[in-house]
2 protein chains.
Amino acid sequence: MPRPSMKDQRSEEILDAYLTCVARFGLEGATQERIAAEAGVKRPLLRHYLGNKDQMIDALADHVISSFDLASDVIGAELAALDTPQDLVAMLFTDRGAHDPRYLLAWQALAIAVADHPHMREPLLASMQRFLTMLQNTLARIVPSAPTVQINAVAQGISALFINADSFTPLGPPAAWRAETQEAAMLLASTLTSHTSEA
Amino acid sequence: MPRPSMKDQRSEEILDAYLTCVARFGLEGATQERIAAEAGVKRPLLRHYLGNKDQMIDALADHVISSFDLASDVIGAELAALDTPQDLVAMLFTDRGAHDPRYLLAWQALAIAVADHPHMREPLLASMQRFLTMLQNTLARIVPSAPTVQINAVAQGISALFINADSFTPLGPPAAWRAETQEAAMLLASTLTSHTSEA
DNA sequence: TAATTAATTGTCACTTATGGCAATAAACTA
DNA sequence: TAGTTTATTGCCATAAGTGACAATTAATTA
(Lines give C-alpha, C1' and ligand atoms only; values in the text may rest on other atoms or scores of the structure.)
Protein backbone atom coordinates (compact mmCIF):
# COMPACT_ATOMS: atom_id res chain seq x y z
CA MET A 1 0.00 0.00 0.00
CA PRO A 2 2.82 2.49 0.48
CA ARG A 3 4.56 4.35 -2.24
CA PRO A 4 7.55 2.29 -3.42
CA SER A 5 10.76 3.11 -1.63
CA MET A 6 13.61 4.70 -3.57
CA LYS A 7 15.85 4.36 -0.56
CA ASP A 8 18.38 1.93 -1.97
CA GLN A 9 18.69 3.60 -5.35
CA ARG A 10 18.71 7.20 -4.11
CA SER A 11 21.13 6.36 -1.33
CA GLU A 12 23.51 4.91 -3.89
CA GLU A 13 23.22 7.93 -6.15
CA ILE A 14 23.76 10.38 -3.32
CA LEU A 15 26.68 8.40 -1.95
CA ASP A 16 28.27 8.38 -5.39
CA ALA A 17 27.87 12.16 -5.64
CA TYR A 18 29.29 12.46 -2.14
CA LEU A 19 32.24 10.30 -3.17
CA THR A 20 32.87 12.55 -6.18
CA CYS A 21 32.82 15.69 -4.05
CA VAL A 22 35.08 14.28 -1.35
CA ALA A 23 37.60 13.12 -3.94
CA ARG A 24 37.55 16.58 -5.48
CA PHE A 25 37.23 18.95 -2.51
CA GLY A 26 38.25 16.89 0.49
CA LEU A 27 35.96 15.85 3.31
CA GLU A 28 35.32 19.34 4.70
CA GLY A 29 34.98 20.80 1.23
CA ALA A 30 32.21 18.39 0.31
CA THR A 31 29.30 20.59 1.40
CA GLN A 32 25.70 19.47 1.20
CA GLU A 33 25.07 22.09 -1.49
CA ARG A 34 27.78 20.62 -3.69
CA ILE A 35 26.69 17.07 -3.06
CA ALA A 36 23.07 17.86 -3.82
CA ALA A 37 24.05 19.69 -7.01
CA GLU A 38 26.30 16.79 -8.05
CA ALA A 39 23.52 14.30 -7.38
CA GLY A 40 20.89 16.48 -9.05
CA VAL A 41 18.60 16.55 -6.02
CA LYS A 42 17.50 19.09 -3.44
CA ARG A 43 19.55 19.40 -0.31
CA PRO A 44 16.91 18.17 2.17
CA LEU A 45 16.94 14.83 0.40
CA LEU A 46 20.46 14.18 1.64
CA ARG A 47 19.21 14.36 5.16
CA HIS A 48 16.15 12.28 4.31
CA TYR A 49 18.21 9.40 2.99
CA LEU A 50 21.57 9.58 4.77
CA GLY A 51 20.85 11.58 7.93
CA ASN A 52 22.85 14.48 9.28
CA LYS A 53 26.45 15.32 8.56
CA ASP A 54 28.08 12.84 10.93
CA GLN A 55 25.80 10.07 9.73
CA MET A 56 26.65 10.98 6.16
CA ILE A 57 30.35 10.71 6.92
CA ASP A 58 29.80 7.32 8.50
CA ALA A 59 27.77 6.20 5.50
CA LEU A 60 30.52 7.36 3.16
CA ALA A 61 33.16 5.59 5.21
CA ASP A 62 31.14 2.38 5.11
CA HIS A 63 30.67 2.75 1.38
CA VAL A 64 34.33 3.45 0.65
CA ILE A 65 35.58 0.71 2.93
CA SER A 66 33.20 -1.94 1.69
CA SER A 67 33.97 -0.99 -1.92
CA PHE A 68 37.67 -1.21 -1.15
CA ASP A 69 37.21 -4.59 0.49
CA LEU A 70 35.17 -5.81 -2.44
CA ALA A 71 37.84 -4.60 -4.85
CA SER A 72 40.47 -6.44 -2.82
CA ASP A 73 38.47 -9.63 -3.07
CA VAL A 74 37.78 -9.21 -6.78
CA ILE A 75 41.38 -8.43 -7.58
CA GLY A 76 42.46 -11.31 -5.39
CA ALA A 77 40.25 -13.64 -7.37
CA GLU A 78 41.59 -12.35 -10.67
CA LEU A 79 45.15 -12.78 -9.50
CA ALA A 80 44.48 -16.41 -8.58
CA ALA A 81 45.03 -17.39 -12.21
CA LEU A 82 48.44 -15.75 -12.59
CA ASP A 83 51.86 -17.36 -12.42
CA THR A 84 54.42 -14.59 -12.04
CA PRO A 85 54.73 -11.45 -9.91
CA GLN A 86 55.12 -9.45 -13.12
CA ASP A 87 51.73 -10.63 -14.30
CA LEU A 88 50.32 -9.39 -11.02
CA VAL A 89 51.72 -5.91 -11.63
CA ALA A 90 50.52 -5.92 -15.22
CA MET A 91 47.06 -6.85 -14.06
CA LEU A 92 46.99 -4.15 -11.40
CA PHE A 93 48.29 -1.32 -13.56
CA THR A 94 46.83 -2.01 -16.97
CA ASP A 95 43.48 -3.65 -16.33
CA ARG A 96 42.09 -0.41 -14.99
CA GLY A 97 38.78 -0.26 -16.76
CA ALA A 98 36.98 -1.04 -13.53
CA HIS A 99 39.22 1.04 -11.32
CA ASP A 100 37.98 4.37 -10.08
CA PRO A 101 40.53 6.73 -8.46
CA ARG A 102 37.80 8.45 -6.44
CA TYR A 103 37.78 5.61 -3.93
CA LEU A 104 41.41 5.87 -2.93
CA LEU A 105 41.22 9.67 -2.90
CA ALA A 106 38.22 9.46 -0.60
CA TRP A 107 40.01 6.85 1.49
CA GLN A 108 42.87 9.29 2.01
CA ALA A 109 40.47 12.13 2.78
CA LEU A 110 38.85 9.96 5.44
CA ALA A 111 42.24 8.95 6.79
CA ILE A 112 43.12 12.61 7.34
CA ALA A 113 39.82 13.12 9.16
CA VAL A 114 40.56 10.33 11.63
CA ALA A 115 41.80 12.97 14.06
CA ASP A 116 38.19 14.18 14.37
CA HIS A 117 36.48 10.81 13.89
CA PRO A 118 38.61 8.31 15.79
CA HIS A 119 36.14 5.45 15.33
CA MET A 120 37.01 5.34 11.63
CA ARG A 121 40.65 4.58 12.28
CA GLU A 122 40.41 0.82 12.74
CA PRO A 123 38.10 0.09 9.79
CA LEU A 124 40.29 2.19 7.51
CA LEU A 125 43.43 0.43 8.67
CA ALA A 126 41.72 -2.93 8.32
CA SER A 127 40.67 -2.25 4.74
CA MET A 128 44.20 -1.32 3.77
CA GLN A 129 45.53 -4.37 5.60
CA ARG A 130 43.07 -6.54 3.69
CA PHE A 131 44.47 -5.23 0.40
CA LEU A 132 48.02 -5.83 1.62
CA THR A 133 47.22 -9.32 2.85
CA MET A 134 45.65 -10.17 -0.48
CA LEU A 135 48.84 -9.10 -2.26
CA GLN A 136 50.98 -10.99 0.24
CA ASN A 137 48.97 -14.18 -0.13
CA THR A 138 49.06 -13.97 -3.90
CA LEU A 139 52.79 -13.39 -3.98
CA ALA A 140 53.41 -16.15 -1.42
CA ARG A 141 51.47 -18.58 -3.59
CA ILE A 142 53.32 -17.61 -6.75
CA VAL A 143 56.78 -17.51 -5.19
CA PRO A 144 56.61 -19.84 -2.19
CA SER A 145 60.38 -19.90 -1.83
CA ALA A 146 60.63 -16.17 -1.14
CA PRO A 147 61.20 -15.08 2.45
CA THR A 148 58.22 -13.57 4.22
CA VAL A 149 59.88 -10.22 4.86
CA GLN A 150 60.57 -9.81 1.18
CA ILE A 151 57.03 -10.84 0.26
CA ASN A 152 55.67 -8.26 2.67
CA ALA A 153 57.99 -5.54 1.46
CA VAL A 154 57.06 -6.15 -2.18
CA ALA A 155 53.36 -6.18 -1.31
CA GLN A 156 53.68 -2.94 0.63
CA GLY A 157 55.66 -1.39 -2.19
CA ILE A 158 53.25 -2.37 -4.94
CA SER A 159 50.39 -1.12 -2.82
CA ALA A 160 52.10 2.21 -2.24
CA LEU A 161 52.80 2.62 -5.94
CA PHE A 162 49.22 1.73 -6.76
CA ILE A 163 47.92 4.33 -4.32
CA ASN A 164 50.43 6.92 -5.39
CA ALA A 165 49.28 6.71 -9.00
CA ASP A 166 45.77 7.65 -7.93
CA SER A 167 46.94 10.42 -5.63
CA PHE A 168 48.45 12.29 -8.54
CA THR A 169 45.41 12.15 -10.80
CA PRO A 170 43.91 15.51 -9.64
CA LEU A 171 47.13 17.17 -10.79
CA GLY A 172 47.00 15.81 -14.30
CA PRO A 173 50.50 14.33 -13.97
CA PRO A 174 52.81 13.76 -16.95
CA ALA A 175 52.30 10.41 -18.61
CA ALA A 176 55.89 9.46 -17.85
CA TRP A 177 55.16 9.36 -14.14
CA ARG A 178 52.56 6.68 -14.56
CA ALA A 179 54.84 4.61 -16.77
CA GLU A 180 57.70 4.97 -14.31
CA THR A 181 55.43 4.01 -11.43
CA GLN A 182 54.35 0.86 -13.20
CA GLU A 183 57.94 0.07 -14.11
CA ALA A 184 58.95 0.53 -10.47
CA ALA A 185 56.28 -1.98 -9.46
CA MET A 186 57.66 -4.33 -12.10
CA LEU A 187 61.16 -3.99 -10.71
CA LEU A 188 59.88 -4.75 -7.22
CA ALA A 189 58.09 -7.82 -8.51
CA SER A 190 61.20 -8.97 -10.31
CA THR A 191 63.16 -9.04 -7.06
CA LEU A 192 61.06 -12.06 -6.09
CA THR A 193 62.01 -14.12 -9.14
CA SER A 194 65.72 -13.28 -9.35
CA HIS A 195 66.70 -14.65 -5.98
CA THR A 196 68.86 -11.95 -4.49
CA SER A 197 68.15 -12.39 -0.83
CA GLU A 198 70.85 -10.08 0.44
CA ALA A 199 69.52 -7.30 2.62
CA MET B 1 60.84 56.15 13.78
CA PRO B 2 58.13 53.53 13.25
CA ARG B 3 57.34 50.66 15.50
CA PRO B 4 59.50 47.68 14.48
CA SER B 5 57.82 45.36 11.99
CA MET B 6 56.92 41.85 13.06
CA LYS B 7 55.89 41.01 9.52
CA ASP B 8 58.51 38.40 8.77
CA GLN B 9 58.30 36.63 12.09
CA ARG B 10 54.49 36.74 12.43
CA SER B 11 54.03 35.66 8.82
CA GLU B 12 56.22 32.64 9.48
CA GLU B 13 54.35 31.74 12.64
CA ILE B 14 50.97 32.08 10.98
CA LEU B 15 52.07 30.12 7.92
CA ASP B 16 53.32 27.36 10.19
CA ALA B 17 49.98 27.24 11.98
CA TYR B 18 48.24 27.25 8.60
CA LEU B 19 50.45 24.36 7.51
CA THR B 20 49.51 22.42 10.63
CA CYS B 21 45.80 22.95 10.07
CA VAL B 22 45.91 22.06 6.38
CA ALA B 23 47.83 18.88 7.13
CA ARG B 24 45.26 17.98 9.76
CA PHE B 25 41.95 19.19 8.30
CA GLY B 26 42.61 19.59 4.59
CA LEU B 27 42.60 22.88 2.73
CA GLU B 28 38.90 23.65 3.14
CA GLY B 29 38.92 22.49 6.73
CA ALA B 30 41.67 24.91 7.66
CA THR B 31 39.42 27.78 8.72
CA GLN B 32 40.74 31.13 9.88
CA GLU B 33 39.42 30.42 13.36
CA ARG B 34 41.45 27.23 13.62
CA ILE B 35 44.53 28.83 12.15
CA ALA B 36 44.31 31.78 14.52
CA ALA B 37 43.82 29.46 17.49
CA GLU B 38 46.76 27.32 16.39
CA ALA B 39 48.94 30.38 15.97
CA GLY B 40 47.74 31.92 19.21
CA VAL B 41 46.62 35.17 17.62
CA LYS B 42 43.33 36.92 16.84
CA ARG B 43 41.72 36.21 13.51
CA PRO B 44 42.08 39.68 12.01
CA LEU B 45 45.84 39.32 12.22
CA LEU B 46 45.74 36.63 9.56
CA ARG B 47 44.29 39.13 7.15
CA HIS B 48 46.73 41.80 8.28
CA TYR B 49 49.76 39.69 7.51
CA LEU B 50 48.72 37.30 4.76
CA GLY B 51 45.72 38.96 3.12
CA ASN B 52 42.41 37.39 2.26
CA LYS B 53 41.67 33.71 1.82
CA ASP B 54 42.92 33.36 -1.74
CA GLN B 55 46.09 35.25 -0.90
CA MET B 56 46.57 33.01 2.12
CA ILE B 57 46.29 29.93 -0.07
CA ASP B 58 48.82 31.38 -2.48
CA ALA B 59 51.13 32.20 0.40
CA LEU B 60 50.82 28.67 1.75
CA ALA B 61 51.48 27.18 -1.68
CA ASP B 62 54.60 29.32 -2.05
CA HIS B 63 55.73 28.29 1.41
CA VAL B 64 55.14 24.58 0.85
CA ILE B 65 56.69 24.57 -2.59
CA SER B 66 59.77 26.56 -1.63
CA SER B 67 60.26 24.37 1.45
CA PHE B 68 59.92 21.27 -0.71
CA ASP B 69 62.41 22.67 -3.20
CA LEU B 70 64.80 23.54 -0.42
CA ALA B 71 64.46 20.05 1.04
CA SER B 72 65.19 18.57 -2.39
CA ASP B 73 68.35 20.63 -2.63
CA VAL B 74 69.46 19.83 0.91
CA ILE B 75 68.82 16.13 0.50
CA GLY B 76 70.53 16.23 -2.87
CA ALA B 77 73.59 17.75 -1.23
CA GLU B 78 73.60 15.14 1.52
CA LEU B 79 73.31 12.35 -1.02
CA ALA B 80 76.34 13.67 -2.90
CA ALA B 81 78.62 11.85 -0.46
CA LEU B 82 77.04 8.42 -0.84
CA ASP B 83 78.24 5.50 -2.92
CA THR B 84 75.37 3.02 -3.18
CA PRO B 85 71.64 3.24 -3.88
CA GLN B 86 71.04 1.45 -0.58
CA ASP B 87 72.80 4.24 1.27
CA LEU B 88 70.47 6.67 -0.46
CA VAL B 89 67.44 4.81 0.85
CA ALA B 90 68.90 4.54 4.31
CA MET B 91 69.54 8.27 4.33
CA LEU B 92 66.01 9.09 3.16
CA PHE B 93 64.18 6.79 5.53
CA THR B 94 66.22 6.86 8.71
CA ASP B 95 67.69 10.35 8.87
CA ARG B 96 64.27 11.83 9.46
CA GLY B 97 64.97 14.14 12.33
CA ALA B 98 64.58 17.13 10.05
CA HIS B 99 61.67 15.72 8.09
CA ASP B 100 58.21 17.03 8.78
CA PRO B 101 55.24 15.07 7.33
CA ARG B 102 53.07 18.20 7.35
CA TYR B 103 54.71 19.44 4.19
CA LEU B 104 53.84 16.46 2.04
CA LEU B 105 50.36 16.29 3.52
CA ALA B 106 49.83 19.95 2.68
CA TRP B 107 51.32 19.36 -0.77
CA GLN B 108 48.70 16.68 -1.38
CA ALA B 109 45.93 18.90 -0.01
CA LEU B 110 46.99 21.63 -2.43
CA ALA B 111 47.18 19.13 -5.27
CA ILE B 112 43.54 18.16 -4.67
CA ALA B 113 42.59 21.85 -4.72
CA VAL B 114 44.15 22.37 -8.15
CA ALA B 115 40.69 21.91 -9.66
CA ASP B 116 39.69 25.21 -8.05
CA HIS B 117 43.08 26.91 -8.25
CA PRO B 118 44.50 25.95 -11.65
CA HIS B 119 47.46 28.30 -11.39
CA MET B 120 48.97 26.12 -8.66
CA ARG B 121 49.18 23.09 -10.93
CA GLU B 122 52.47 23.85 -12.65
CA PRO B 123 54.42 24.94 -9.56
CA LEU B 124 53.25 21.83 -7.70
CA LEU B 125 54.22 19.55 -10.56
CA ALA B 126 57.55 21.35 -10.89
CA SER B 127 58.38 20.89 -7.21
CA MET B 128 57.70 17.17 -7.42
CA GLN B 129 59.70 16.93 -10.62
CA ARG B 130 62.59 18.69 -8.90
CA PHE B 131 62.57 16.01 -6.19
CA LEU B 132 62.42 13.26 -8.80
CA THR B 133 65.20 14.81 -10.86
CA MET B 134 67.38 15.07 -7.79
CA LEU B 135 66.89 11.37 -7.12
CA GLN B 136 67.51 10.51 -10.77
CA ASN B 137 70.72 12.53 -10.90
CA THR B 138 71.99 11.00 -7.69
CA LEU B 139 71.24 7.47 -8.85
CA ALA B 140 72.74 8.14 -12.28
CA ARG B 141 75.94 9.35 -10.65
CA ILE B 142 76.15 6.35 -8.32
CA VAL B 143 75.25 3.76 -10.94
CA PRO B 144 76.24 5.27 -14.28
CA SER B 145 75.91 1.96 -16.07
CA ALA B 146 72.20 1.62 -15.33
CA PRO B 147 69.78 2.36 -18.17
CA THR B 148 67.88 5.63 -17.90
CA VAL B 149 64.46 4.02 -17.81
CA GLN B 150 65.47 1.94 -14.82
CA ILE B 151 66.98 4.95 -13.07
CA ASN B 152 63.76 6.88 -13.59
CA ALA B 153 61.60 3.99 -12.42
CA VAL B 154 63.62 3.53 -9.24
CA ALA B 155 63.55 7.26 -8.56
CA GLN B 156 59.80 7.40 -9.07
CA GLY B 157 59.35 4.34 -6.88
CA ILE B 158 61.47 5.61 -4.02
CA SER B 159 59.67 8.94 -4.21
CA ALA B 160 56.27 7.25 -4.10
CA LEU B 161 57.29 5.17 -1.10
CA PHE B 162 58.67 8.23 0.65
CA ILE B 163 55.40 10.10 0.08
CA ASN B 164 53.28 7.12 1.01
CA ALA B 165 54.94 6.83 4.38
CA ASP B 166 53.88 10.38 5.21
CA SER B 167 50.36 9.90 3.88
CA PHE B 168 49.69 7.22 6.44
CA THR B 169 50.89 9.17 9.46
CA PRO B 170 47.46 10.66 10.33
CA LEU B 171 46.18 7.09 10.70
CA GLY B 172 48.80 6.02 13.18
CA PRO B 173 49.80 3.06 10.98
CA PRO B 174 51.33 -0.13 12.37
CA ALA B 175 55.09 0.04 12.67
CA ALA B 176 55.43 -2.90 10.29
CA TRP B 177 54.12 -0.79 7.42
CA ARG B 178 56.92 1.71 7.76
CA ALA B 179 59.54 -1.03 7.94
CA GLU B 180 58.08 -2.75 4.91
CA THR B 181 57.98 0.52 3.01
CA GLN B 182 61.63 1.14 3.72
CA GLU B 183 62.48 -2.43 2.79
CA ALA B 184 60.60 -2.01 -0.49
CA ALA B 185 62.66 1.07 -1.25
CA MET B 186 65.76 -0.97 -0.45
CA LEU B 187 64.69 -3.70 -2.85
CA LEU B 188 64.11 -1.12 -5.57
CA ALA B 189 67.55 0.34 -4.98
CA SER B 190 69.11 -3.08 -5.11
CA THR B 191 67.80 -3.65 -8.62
CA LEU B 192 70.33 -1.07 -9.76
CA THR B 193 73.32 -2.90 -8.34
CA SER B 194 72.43 -6.48 -9.27
CA HIS B 195 72.30 -5.98 -13.01
CA THR B 196 69.09 -7.68 -14.05
CA SER B 197 68.06 -5.54 -17.01
CA GLU B 198 65.24 -7.75 -18.15
CA ALA B 199 61.89 -5.98 -18.36
C1' DT C 1 57.37 64.76 24.93
C1' DA C 2 55.27 64.65 20.35
C1' DA C 3 55.02 62.37 15.99
C1' DT C 4 54.99 58.38 13.26
C1' DT C 5 54.29 53.91 11.93
C1' DA C 6 52.92 49.29 12.75
C1' DA C 7 50.75 45.82 15.78
C1' DT C 8 46.64 44.45 17.76
C1' DT C 9 41.83 44.23 18.86
C1' DG C 10 36.74 44.94 18.54
C1' DT C 11 32.95 44.82 15.89
C1' DC C 12 29.90 44.87 12.11
C1' DA C 13 27.78 43.14 7.68
C1' DC C 14 27.42 39.52 4.44
C1' DT C 15 27.64 34.93 2.89
C1' DT C 16 27.64 30.07 3.41
C1' DA C 17 26.50 25.76 5.82
C1' DT C 18 23.67 22.95 8.64
C1' DG C 19 19.49 21.27 11.23
C1' DG C 20 14.89 20.74 11.35
C1' DC C 21 10.12 20.57 10.19
C1' DA C 22 5.79 21.39 7.98
C1' DA C 23 3.42 20.87 3.72
C1' DT C 24 2.71 18.96 -0.68
C1' DA C 25 2.93 15.46 -4.31
C1' DA C 26 3.17 10.75 -5.81
C1' DA C 27 2.49 5.76 -5.87
C1' DC C 28 0.47 1.90 -4.23
C1' DT C 29 -3.47 -1.03 -2.22
C1' DA C 30 -7.76 -2.26 -0.14
C1' DT D 1 -12.07 6.18 -4.41
C1' DA D 2 -10.04 6.57 0.16
C1' DG D 3 -6.13 5.55 2.91
C1' DT D 4 -1.36 4.91 3.74
C1' DT D 5 3.32 5.40 3.14
C1' DT D 6 7.10 7.54 1.05
C1' DA D 7 9.28 11.00 -1.97
C1' DT D 8 9.98 15.66 -2.58
C1' DT D 9 10.00 20.48 -1.75
C1' DG D 10 9.91 25.02 0.67
C1' DC D 11 11.02 27.49 4.40
C1' DC D 12 13.15 29.23 8.56
C1' DA D 13 16.32 29.29 12.56
C1' DT D 14 20.88 28.90 13.97
C1' DA D 15 25.67 28.57 13.54
C1' DA D 16 30.01 29.14 11.14
C1' DG D 17 33.08 31.50 7.96
C1' DT D 18 34.77 35.58 5.65
C1' DG D 19 35.66 40.52 4.50
C1' DA D 20 36.24 44.90 6.01
C1' DC D 21 37.16 48.82 8.78
C1' DA D 22 37.52 51.79 12.81
C1' DA D 23 39.77 52.25 17.13
C1' DT D 24 43.30 51.33 20.31
C1' DT D 25 47.85 50.13 21.86
C1' DA D 26 52.79 49.95 21.47
C1' DA D 27 57.45 50.99 20.04
C1' DT D 28 60.64 53.88 18.00
C1' DT D 29 62.83 58.45 16.88
C1' DA D 30 63.21 63.45 16.50
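Contact here means heavy atoms within 4.5 Å. With that in place, I turn to chain A of this predicted model. Among its contacts between residues at least 6 apart in sequence, 72% join residues at least 24 apart.

Two remarks on conventions. Residues are numbered from 1 along each chain as its sequence is written, while chains are lettered from A and ligands numbered from 1 in the order in which they are written. Because the model is predicted, local features need pLDDT of at least 70 and side-chain atom pairs count only at pLDDT 80 or more, whereas totals for chains, interfaces and linings use all residues; side-chain values use heavy atoms, with hydrogens and water left out.

Let me begin with the fold of chain A. Chain A has nine helices and zero strands, where helices (H or I, at least four residues) and strands (E, at least two) are DSSP runs numbered from the N terminus. The C-alpha trace of chain A spans about 65 × 40 × 30 Å along its principal axes. Of the 199 residues of chain A, 52% count as buried. On this scale, buried means under 20% relative accessible area, exposed over 50%, and partly exposed in between, with a 1.4 Å probe and protein chains only.

One annotation deserves mention. An unreviewed UniProt entry assigns "DNA-binding region" to residues 31–50 of chain A; UniProt positions are given in the numbering used here, feature names are shortened, and annotations may be inferred rather than shown by experiment. In the model, that span is 80% helix and 0% strand, and its end C-alpha atoms lie 14 Å apart.

I now come to the interface. How many residues of each chain are in contact with the other? The count is 48 residues of chain A and 48 residues of chain B. The size of an interface is often given as the accessible area lost when the parts come together. Buried area, accordingly, is the accessible area (1.4 Å probe) that two parts lose on being put together, summed over both. Between chain A and chain B this area is about 4,100 Å², and carbon and sulfur atoms give 64% of it. On the side of chain A, Gln156(A), Leu171(A) and Trp177(A) lose the most area to chain B, together 16% of what that side buries.

As for polar features, ten residue pairs are in polar contact between chain A and chain B, both residues being at pLDDT 80 or more. A polar contact is a pair of N or O atoms within 3.5 Å; within protein, one must be able to donate a hydrogen and the other to accept it, and residues adjacent in sequence count only if both atoms are side-chain atoms. The elements that give two or more residues to the chain A side are helices H1 (7–25), H6 (101–112), H7 (121–142), H8 (148–167) and H9 (175–193) of chain A. The largest share, eleven residues, comes from H8(A). By class, that side has 25 nonpolar, 16 polar and seven charged residues; Ala, Val, Leu, Ile, Met, Phe, Trp, Tyr, Cys and Pro count as nonpolar, Asp, Glu, Lys and Arg as charged, and the others, Gly among them, as polar.

In chain B, Ser167(B) lies in helix H8 (residues 148–167). Ser167(B) is buried, with a relative accessible area of 11%. Its side chain makes a polar contact of 3.1 Å with that of Gln108(B). Leaving aside residues up to four places away in sequence, Ser167(B) touches Gln108(A), Leu105(B) and Gln108(B).

Finally, the salt bridges. Side chains of opposite charge can pair when their charged atoms come close. The rule asks for a side-chain nitrogen of Lys or Arg within 4 Å of a carboxyl oxygen of Asp or Glu. Over all chains it gives twelve salt bridges, and across the interface of chain A and chain B it finds two. Glu28(B) and Arg34(A) meet in a salt bridge at 3.4 Å, N to O.

Within chain A, Asp16(A) and Arg102(A) form a salt bridge at 3.1 Å, N to O. This pair links distant parts of the chain, helix H1 for Asp16(A) and helix H6 for Arg102(A), 86 residues apart. Buried or partly exposed: which describes Asp16(A)? Asp16(A) counts as partly exposed at 31% relative accessibility, while Arg102(A) is buried at 18%. Asp16(A), Asp100(A) and Arg102(A) are linked in a network of salt bridges.
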